[in-house]
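Student: I have a chain to go through with you. Can we take it question by question?

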Amino acid sequence: MEETHQKPHAIFIPYPLQGHVIPSVHLAIKLASRGFTITFINTHFIHRQITASSSAADIFAAVRDSGLDIRYATMSDGLPVEFDRSLNHDQFMAALLHVFSAHAEAAVAEIVRSGTTPAPSCLIADTFYVWPSKVAKKFGLKYVSYWTEPALVFTLYYHMGLLRLNGHFGCLEAREDAIDYIPGVQSINPMDMTSYLQESDGSSVCHQINFNAFEDVKGADFVLCNTVQELELNTVSALKTKMPFYSIGPIFPIGFTKSLVPTSLWSESDCTQWLDTKPRGSVLYVSFGSYAHVTHNDLVEIATGLLLSGVSFVWVLRADIVSSEDPDPLPEGFREELGDRSKIIPWCCQIQVLAHSSVGGFLTHCGWNSVLESMWCEVPMLCFPLYTDQFTNRKLVVDDWKIGINLCDKKRIMRAEVSQKVGCLMSEKTGDEYRSAMKDVKKGLENALRPDGSSEMNLDQFIKDLKFSIQKKSGGTLGQNKDRLSNGT
């Protein structure tokens, strides 16, 4: 067998958002440690943000020194680097929909035609892109779609046509009864679908991305999913009957420690010394992620509720959490009244904070990375989803796995309810059931990552199937490979 079959060369293009870049970097490292050559391509904007906060011109330099073959390149996303993507979300998404594919194709063409050794054999790209299957086909590459969210969210998007046909999506007066016809999903309430699937107007740029991306993924040779098979067994099993779908999560940095590869788009504050002064399990960690915005009223109610709760907390408060034009939306005198009971910071290394012994709860937007990290650290969650997959993730956390509670049960958030729910989660007595459930979930994650665990075996099977597929292609029998693959273990 030729060297190219022994050592696949993957061009890896992550989606240019913080929550997608992190698991993409760690998957790249994991594949490189299994013998892959990786060419990892960030956008100019993502590269500038990471290097500005870390002073690392080549983010993979440290892991390359350890012997991993990870090469690094950058390309445009179609917008000026200085453009405020957070403030102008729709224009950013429009560029990803209409313009980005040309830049991606040019970047792939340059690598393919450069004569690099080994020659590229596959393209790994985020499922939310609308172009990868076409670009991969054009350059004779196998397409590996990387889904960074739970399988439940994947299958809801995958079955948008079925949801529309049954009147649960894409109509002015959508049905409100439970959805019980999605393969592998016993039942789900419409309010637990992703935010885009709850909207009656399906014409926005984000809807167009979703429609096109889930048409494009039908052309994928393989789908990798950052979930654990046993956590979503019925959903994963149903998806595996439709495509080569491999559950390989959770994708974390080696040893769940701060990564050698910088991934943060902002400078990280270190609050370890402050956490060291607090009793075990006494601190609530509060973060609403890297991208979503909170209304000013909701932020004030949450802040006041935290004050009333009497609980110590670390709050990651991005400068643009309400708006890029409102850098300090907290109530007047809030910081002074709290004193040493709180630590309010603009950004941090989340896994370091969650892993600290003094942290006993997490008030979260329910981004999938945050959910997985919280599960690994056995920190129960107080859920406040804001948009996209976060509503579905909340359903998994609260209703299915019972490792968290809702922050507010009404549409309008109230400070008294915030205070009460924080107390419930952090109390030694009332929070015990969530901590107990967390231990079981953590054990499931650990088991999946053992050498004989489902995620490691699925990753092994994917690599075996990919190499077989590449070999068959180079042998001139391209076209019928997919039927011969094992669809994972």
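Student: Which residues does Ser419 touch, leaving out those up to four places away in sequence?
Tutor: This is a predicted model, where local features need pLDDT of at least 70, side-chain atom pairs count only at pLDDT 80 or more, and totals for chains, interfaces and linings use all residues. Residues are numbered from 1 along each chain as its sequence is written, and side-chain values use heavy atoms, with hydrogens and water left out. Contact means heavy atoms within 4.5 Å. On that basis, Ser419 touches Gly305, Leu308 and Ser309.

Student: Where does Ser419 lie, and is Ser419 buried or exposed?
Tutor: Helices (H or I, at least four residues) are DSSP runs, numbered from the N terminus. Ser419 belongs to helix 18, residues 415-426. Buried means under 20% relative accessible area and exposed over 50%, with partly exposed in between (1.4 Å probe, protein chains only). Ser419 has a relative accessible area of 15%, so Ser419 is buried.

Student: Which backbone nitrogen does the side chain of Ser419 reach?
Tutor: Ser309 is among the residues that Ser419 touches. The distance is 3.4 Å, and the backbone nitrogen belongs to Ser309.

Student: How is the chain divided into domains, and what separates the centres of domain 1 and domain 2?
Tutor: The bounds come from an automatic or database domain assignment. Domain 1 is 9-258 + 451-476, and domain 2 is 271-445. Taken over C-alpha atoms, the centres are separated by 27 Å.

Student: How many residues does each domain give to the contact?
Tutor: Both sides are counted separately. Domain 2 gives 33 residues, and domain 1 gives 38 residues.

Student: What area do domain 1 and domain 2 bury between them?
Tutor: Buried area is the accessible area (1.4 Å probe) that two parts lose on being put together, summed over both. Of the area between these domains, 65% is on carbon and sulfur atoms. In domain 1, Asp192, Leu231 and Phe256 lose the most area to domain 2, together 23% of what that side buries. The total for the two domains is about 2700 Å².

Student: Which residue forms a salt bridge with Asp192?
Tutor: A salt bridge is a side-chain nitrogen of Lys or Arg within 4 Å of a carboxyl oxygen of Asp or Glu. Between domain 1 and domain 2 the count is 1 salt bridge. For Asp192, the closest N and O atoms are 2.9 Å apart, and the partner is Arg394.

Student: What covers the buried residues of helix 5?
Tutor: In helix 5, the buried residues include Phe92, Met93 and Leu96. The cover includes helix 6 (100-112) and helix 10 (205-216).

Terms used. Helices (H or I, at least four residues) and strands (E, at least two) are DSSP runs, numbered from the N terminus. A polar contact is a pair of N or O atoms within 3.5 Å; within protein, one must be able to donate a hydrogen and the other to accept it, and residues adjacent in sequence count only if both atoms are side-chain atoms.
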